[in-house]
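Please read them with the structure open.

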Amino acid sequence: MDFDPPFQETYKALLPNSISSTTTNDNKLFVVEEYELPLIDLSHLMSPHQKEKEMCIQNIVDAASNWGFFEVENHGIPEEVLKSMSYEQKKVFHQPFQDKSQTNVLNSSPNCYRWGNPKATCLNQLSWSEAFHISVTDILGMTNNEYKSLRLAMEKFAKRAFGLAKNLAHILAENLGLKSTYFQENCPPNSSYLRLNRYPPCPYSSKLQMFGLVPHTDSDFLSVVYQDQVGGLQLFKDGRWVAVKPNPEALVINIGDLFQALSNGVYKSIRHRVVASNSEKERFSAAYFYCPISDAIIESCSHGQSTVAVYRNFTFREYKRQIQKDVQDTGDKVGLQRFLLSY
């Protein structure tokens, strides 16, 4: 396809000489058990029955503490908003690669469009995917009429996802005894990011463990993810990788690094990855990253008997800078470990 990035040509030094010459990967991580994430019906938050509402809140807290991931239904984002986002996302990704890879194709900040990994030195560092990563501020500033329908779809999705993320963050913060205005003061609508992902079919998927997205944690408070029915998402839970059974009728919520630090480790930011497991079908997802302003201070709170802070205070700006430095120096994100008081 002329819209697929040139993975095989660009990374030929890392890939086998031919698909037929590859041997099946016997690594135990290649085959994982499939799980369903905890599914939470958010309509219960509006229930007139207090016990039903409290049970829903407790389910959210338990999922954030034990899984770091969960799914939500009746989440308040209309189906037409999600379908519009999916349609416009496919349209922009199905443009010729040369057009997509032009600088500022969406009239946004440089490097909005990303694919593969230019610094990959082995297959474990290669992401068989492409993405548009764009701030909400840049979405609002898009002026190219050619992408007007995409801009409107992203605006609507980001606006609704912001409301959902804010409500979930408030519930989780209230459980920690945090000041009720924390997120209102530190997370305005335009401080967050949207990432549109496409995972092209991978011809090596049946022979090699190929990543669509390498193992990582998210550098935000929480993420709201809309994905299709093509599987690939995996979590590192209880010392092993497990596959997430796709549920296109629900949204995936996952806790990010900032909430783990803010909660003093009560909520878990779980390593996850996307495997390029399909040689015929492409996979799409849209992720909304609920982020604070750069000067927001992340301070571990006291919760229950956990009175000793695990992480030192840091700003979101400092965190991003440290991540960039680590990626440049080591090729990988070190993350929260850098901010442990005992580090």
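**Notes on the predicted model**

1. Serine 84 sits in helix H3. The model is a predicted one.

2. H3 has 15 residues, and the distance from its first C-alpha to its last is 21 Å, close to the 21 Å expected at 1.5 Å a residue. Its buried residues include Val81, Leu82, Met85 and Ser86. Further along H3, Glu88, Gln89, Val92 and Phe93 are also buried. As a general point, an α-helix has 3.6 residues a turn, so residues three or four places apart point the same way.

3. Asparagine 74 is in the loop that links strand E3 (69-73) to helix H3 (79-93). Its phi is near 50 degrees, which is positive although the residue is not glycine. Most residues other than glycine have a negative phi.

4. A second residue belongs with that one. Aspartate 238 has a phi near 55 degrees, again a positive value in a residue other than glycine. Aspartate 238 is in the loop between strand E9 (233-237) and strand E10 (240-244). It counts as exposed because its relative accessibility is 65%, and the cut-off for exposed is over 50%.

5. Strand E9 also holds leucine 233. Is leucine 233 buried or exposed? Leucine 233 counts as buried, because its relative accessibility is 9% and the limit is under 20%. Setting aside residues up to four places away in sequence, leucine 233 touches Phe69, Gln227, Val242, Ala243, Val244, His272, Arg273 and Arg283. The C-alpha of aspartate 257, which is 24 residues away along the chain, is separated from that of leucine 233 by 18 Å.

6. Next, helix H2. H2 has 17 residues and reaches 24 Å from first C-alpha to last, close to the 24 Å expected at 1.5 Å a residue. Cys56, Ile60, Val61, Ala63, Ala64 and Ser65 are its buried residues. These pack against strand E2 (39-41), E3, H6 and strand E11 (251-255). After H2 comes glycine 68, with a positive phi near 80 degrees.

7. How do H2 and H6 pack, and at what angle? Helix H2 (residues 50-66) and helix H6 (residues 148-176) meet at about 85 degrees, and their axes are 10 Å apart. That angle makes H2 roughly perpendicular to H6, because angles of 65 to 115 degrees are counted that way. On the H2 side the contact involves Ile57, Ile60, Val61 and Ala64, and on the H6 side Leu168, Ile171, Leu172 and Asn175. By class, seven of the residues in this contact are nonpolar, one is polar and none is charged.

8. H6 itself agrees with expectation. Its 29 residues should span 42 Å at 1.5 Å a residue, and its end C-alpha atoms are 41 Å apart, which agrees. Just after H6, glycine 177 has a positive phi of about 80 degrees.

9. Leucine 172 lies in helix H6 and counts as buried because its relative accessibility is 0%. Leaving aside neighbours within four places in sequence, leucine 172 is in contact with Ile60, Val61 and Ala64, and also with Leu222, Ile255, Phe259 and Tyr267. The C-alpha atoms of leucine 172 and serine 65 are separated by 9.8 Å, although the two residues are 107 residues apart along the chain.

10. Leucine 14 is in the loop between helix H1 (7-10) and strand E1 (34-35). It counts as partly exposed because its relative accessibility is 21%. Beyond its neighbours within four places in sequence, leucine 14 is in contact with Ala120, Thr121, Cys122 and Leu123. Leucine 14 and alanine 120 are 106 residues apart in sequence and 8.6 Å apart in space, C-alpha to C-alpha.

11. Last, the annotation. UniProt, in an unreviewed entry, lists residues 190-292 as "domain: Fe2OG dioxygenase". In the model, this span is 6% helix and 45% strand, and its end C-alpha atoms lie 9 Å apart.

Methods. Residues numbered from 1 in each chain as written. Predicted model: local features only at pLDDT ≥ 70, side-chain atom pairs only at ≥ 80, totals over all residues. Heavy atoms only, no water. UniProt positions renumbered as here; feature names shortened; annotations may be inferred. Helix = DSSP H or I, 4+ residues; strand = E, 2+ residues; numbered from the N terminus. Buried < 20%, exposed > 50% of the residue type's maximum accessible area, 1.4 Å probe, protein only. Axes fitted to C-alpha atoms, helices over the stretch in contact; angles between N-to-C directions. Parallel < 35°, antiparallel > 145°, perpendicular 65-115°, else oblique. Contact = heavy atoms within 4.5 Å. Nonpolar A, V, L, I, M, F, W, Y, C, P; charged D, E, K, R; others polar. Expected span 1.5 Å × (residues − 1).
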